[in-house]
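Subject: Structure handover

Hi there,

Here is the structure I promised to pass on to you. Have a look at it first, and then read on for my notes.

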Amino acid sequence: MIDPVLASRLQFAVTTIVHIVFPVMSMGLAPFLVYFTYKEIRTAKPIYEQLRRFWVRIFAVSFVVGTVTGLVLEFEFGTNFAAFSTTAGELFGGPLATEGMMAFMLEATFLGIFVFGRERVSDALYFLSSVAVALGTWLSAVWILIANSWMQTPRGYEIAVEGGQQVVKLTDPMAAYFNPRFQYMFLHMQNAAVESVALFMAGVAAYYVFRHHVWGYPVEHPEFWQTTLKIALVALVVTAPLQVLHGDLYARHVYETQPQKFAAMEALWETDSYVPEYIVAFPADLNQLFDPRTKELFGIGIPGGASWLASGGDPQATIRGLESFDTEAPPVAIVFWSFRIMVGLGFWFILLAFWGAYRWWSGDLYEDDLLHKALMGSSLLGIVAVEVGWIVTEVGRQPWVIQDVMQTSDGVSQGLTSAEATFTLAGFVTGYVLLLALYSYVVTRLIRAGPPAGDDLRSASDEPAPSEVSADE
Amino acid sequence: MSSVASLASAPLFGLPLPELWFALLFFIFGTFLFLDGFDFGIGILFATRDDPHEEEVLLSVIGPFWDGNEVWLVVFGGALFAAFPAVYANLFSRYYLLMFAILAALGLRGLAPEMYEEREDELWRRYWGYAFVVGSALTPFLLGAFVLNWLVGSASIITLTGALGGLAVVALTVVDGAAFLGLKTRGSLRDDASAFGVMAAVSYLGLVVATLAAVYATAPDLRPALAHPVVVALVVLTVVLTAGYVVAVRRQRYYVAFAAVAGLVAGLVALVAVVMFPHVDRATGITVSEGIVSTLPLNLMTIMAAVLLPVVLSYFAVLYSVFSGPLDEEEAYG
């Protein structure tokens, strides 16, 4: 039996780590789908109908799995973190309720039309549905990140005691909900979603282009995959550099508002100036290899790099070390390595984007087999980067569930028993492994089936074939 | 910030906001039960079909709707959290395993149709079909048990009252699903569904009476509330609407039958709300006026809900009008 506090934390980690995959897919696909729908209606070219219908299927599966796993999170605050919910409900419940009404409803209702209703509505209403779905997915992120950013940098509240329990009282909604952290999180998350989907599209497309052009195997619809590759590359060239640029601003904001998290990102124990940006670091004593909070580190890094990052250009700047805080440090190694993986991937994606763009410009985009292999290998790395990025954000702020207000261990439900918590944790681990396997299986099948083609396309003839009236092929 | 100051000092327009939010919560839950109810009912009726084509038709009927319908439950959770945070925390942690059972059942119901359509082979479809039926039957059962346990303030998640209430809600969803199939299908599928709907309606009536008897027997402090004239009137209304449903289905007036189901759901939800009031969580003794969130966030949420809920209802009006009328033959999946 696992202690209910630890089991609840692990369960929340598992359920969020799995859930975030699906919103990334749906939020990232959303702008592409609006574009495909717009071009399909404007140009009536079959390629855009193929693109729209192919990616809508993947969007729909992602949305369903995202609904199922997202509902769990909304209930989990109450089931496992009842003390947190009671303390913070006044500030935290509102954004969640608003997300449901403003965003999720918009997305879920218009998705019905977007997936099933092509033959039942006018072009204009159909296009409007694609916009409504996209807007819904992004508005969801707005409200969830408003809630999350408040936990990172709480403002606009005061503490009161009600019924013997400490409760957060909302005093200034503008300060609380228009939180300075929100803008960094929103930009970084939404751009990451589009970038991740662009990498996924590029990787899948590269596989078929590679088979067709490099190996010379017969591939159905090579032009479909070529166009997909090009669209994905355009998105990648735009998003990859932006991700690193606002990531830099975001890191500076973390340094200013959550110095303990920043120190964990840099594994800095003693307050110091001219702090290097370690590229790698290891415990000096190998016996401490598996202690995430080991203090004697040996590393290779850029002199003054971390100071430069924290201050926005001054390599001499002083950074507070973890020893200067009263609370226990977060598991530093997890935060440190997650941060490095994320940043490393961010730079790799830029390289990939410009490599692809250069090959396109030089006219041999379809022939560079090394590029194709790199894209295939990177197809899921965008999602990996999002995961490690969230690990930096959420593990890095430990022990706080609300920064400097409430510790995570104090937020867990009082009456929860070890047996209950362990049972549901085991259930989620098993269930979510199966769920991920099932999702991967379905998405793989959809990709293998390829885009709809021929008589199946409505743009191919005036009389729509009966079988294409449904969204399912 | 004088506007914020005034929002913090008194309820918006002097309205009785705690009571309004208590009612709104039950309205949201009722809307969920009515709309997703027909999805559950159709999922249960799926078990009575052997013909692959008919199974496809059933899935196609709920295809565009179920996800939007389920969001009403999301909004219910969010609204409970926002309006009565301590109740959300106490209730959900008290019925810990029940909540996760509901989530698992809902997950199965959501995934199953999507998976069913992925492959054509018989074995795959048979088992995802089972999963769909189990998820569709279990969800309303567990939700009914949850609401009844909440109502009587039970400390345990397994109670006779909860089980009876769960069965009543299952019967109600079949009644609901049969009426919706009356609107969306034709021929023998509709006739069979109607027959099941009538049976379920009679069972529902019996189960409601049995549930009320169980509440009466096991929760003595609720006896005065059960004898309240409004409660008696709601029971009478339920009897009348059930009879009306049966007559409407027999005469193939499916819109009337569907409207009667809406009335039945409203009656059930109102019954629970009236018996529960003035408490919002009997187990902890929290009343509506004690459990309500502070004035400032309450006013903000009221503004949000007043603006957004009519807009949300308009989305549903668009969705249901786009997919109104019987399913076209070629609109079945596959």
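Which residues in helix 2 of chain A meet helix 5 of chain A, and which residues do they meet there? Please keep in mind that this is a predicted model. From helix 2 of chain A come A:Ser26, A:Met27, A:Ala30, A:Pro31, A:Leu33, A:Val34, A:Thr37, A:Tyr38 and A:Ile41. Their partners in helix 5 of chain A are A:Asp123, A:Tyr126, A:Phe127, A:Ser130, A:Val131, A:Val133, A:Ala134, A:Thr137, A:Trp138 and A:Ala141. Sorted by class, the residues of this contact between helix 2 and helix 5 of chain A are 14 nonpolar, four polar and one charged.

Now for the geometry of that pair. Helix 2 (residues 21-43) of chain A packs on helix 5 of chain A at an angle of about 165°, and their axes are 9 Å apart. An angle over 145 degrees counts as roughly antiparallel, so that is how helix 2 of chain A runs relative to helix 5 of chain A. The crossing of helix 2 of chain A with helix 5 of chain A is left-handed.

Helix 5 (residues 123-152) of chain A also packs against helix 4 of chain A, again with an angle of about 165°. The axes of helix 4 and helix 5 of chain A are 8 Å apart. Helix 4 and helix 5 of chain A are therefore roughly antiparallel, and they cross in a left-handed way. The contact of helix 4 with helix 5 of chain A is made up of 21 nonpolar, six polar and two charged residues.

Helix 4 of chain A has a further partner in helix 3 of chain A. The axes of helix 3 and helix 4 of chain A come within 11 Å and cross at roughly 160°, so helix 3 and helix 4 of chain A too are roughly antiparallel to each other. Their crossing is left-handed. On the side of helix 3 of chain A you will find A:Val56, A:Ala60, A:Phe63, A:Glu74, A:Phe77 and A:Gly78. These meet A:Ala82, A:Phe84, A:Ser85, A:Leu96, A:Leu111, A:Phe114 and A:Val115 in helix 4 of chain A. By class, the contact of helix 3 with helix 4 of chain A has ten nonpolar residues, two polar and one charged.

Next, the contact between the chains. Chain A brings 53 residues to it and chain B brings 57 residues. On the side of chain A, the elements that give two or more residues are helix 3 (46-80), helix 4 (82-116), strand 2 (165-170) and helix 15 (418-449). Helix 4 of chain A supplies the largest share of that side, with 24 residues. The side of chain A that touches chain B divides into 27 nonpolar, 17 polar and nine charged residues.

Helix 7 of chain A has 36 residues and spans 52 Å from its first C-alpha to its last, close to the 52 Å expected at 1.5 Å a residue. Helix 7 of chain A has a kink of about 30°, centred on A:Val209. After helix 7 of chain A comes A:Gly216, with a positive phi near 75°.

Finally, a few backbone details to look at. Most residues other than glycine have a negative phi, and most peptide bonds are trans. A:Ala44 is not a glycine, yet its phi is positive, about 55°; A:Ala44 sits in the loop between helix 2 and helix 3 of chain A. A:Gln398 and A:Pro399 are joined by a cis peptide bond with omega of about 10°, and A:Pro399 lies in the loop between helix 13 (381-396) and strand 7 (400-402) of chain A. In chain B, a cis peptide bond links B:Phe277 to B:Pro278, with omega of about 5°. B:Pro278 is in the loop between helix 12 (254-276) and strand 1 (279-281) of chain B.

Conventions
Residues are numbered from 1 along each chain as its sequence is written. Chains are lettered from A and ligands numbered from 1 in the order in which they are written. This is a predicted model: local features need pLDDT of at least 70, side-chain atom pairs count only at pLDDT 80 or more; totals for chains, interfaces and linings use all residues. Two residues are in contact if their C-beta atoms, placed from the backbone, lie within 7 Å. Helices (H or I, at least four residues) and strands (E, at least two) are DSSP runs, numbered from the N terminus. Ala, Val, Leu, Ile, Met, Phe, Trp, Tyr, Cys and Pro count as nonpolar, Asp, Glu, Lys and Arg as charged, and the others, Gly among them, as polar. The expected span of a helix is 1.5 Å times one less than its number of residues. The bend at a residue is the angle between axes fitted to the seven residues ending there and the seven starting there. Axes are lines fitted to C-alpha atoms, for helices over the stretch in contact, and angles run from 0 to 180 degrees between N-to-C directions. Angles under 35 degrees count as roughly parallel, over 145 as roughly antiparallel, 65 to 115 as roughly perpendicular and the rest as oblique. A crossing is left-handed if the near helix is turned anticlockwise from the far one by less than a right angle, and right-handed if clockwise.
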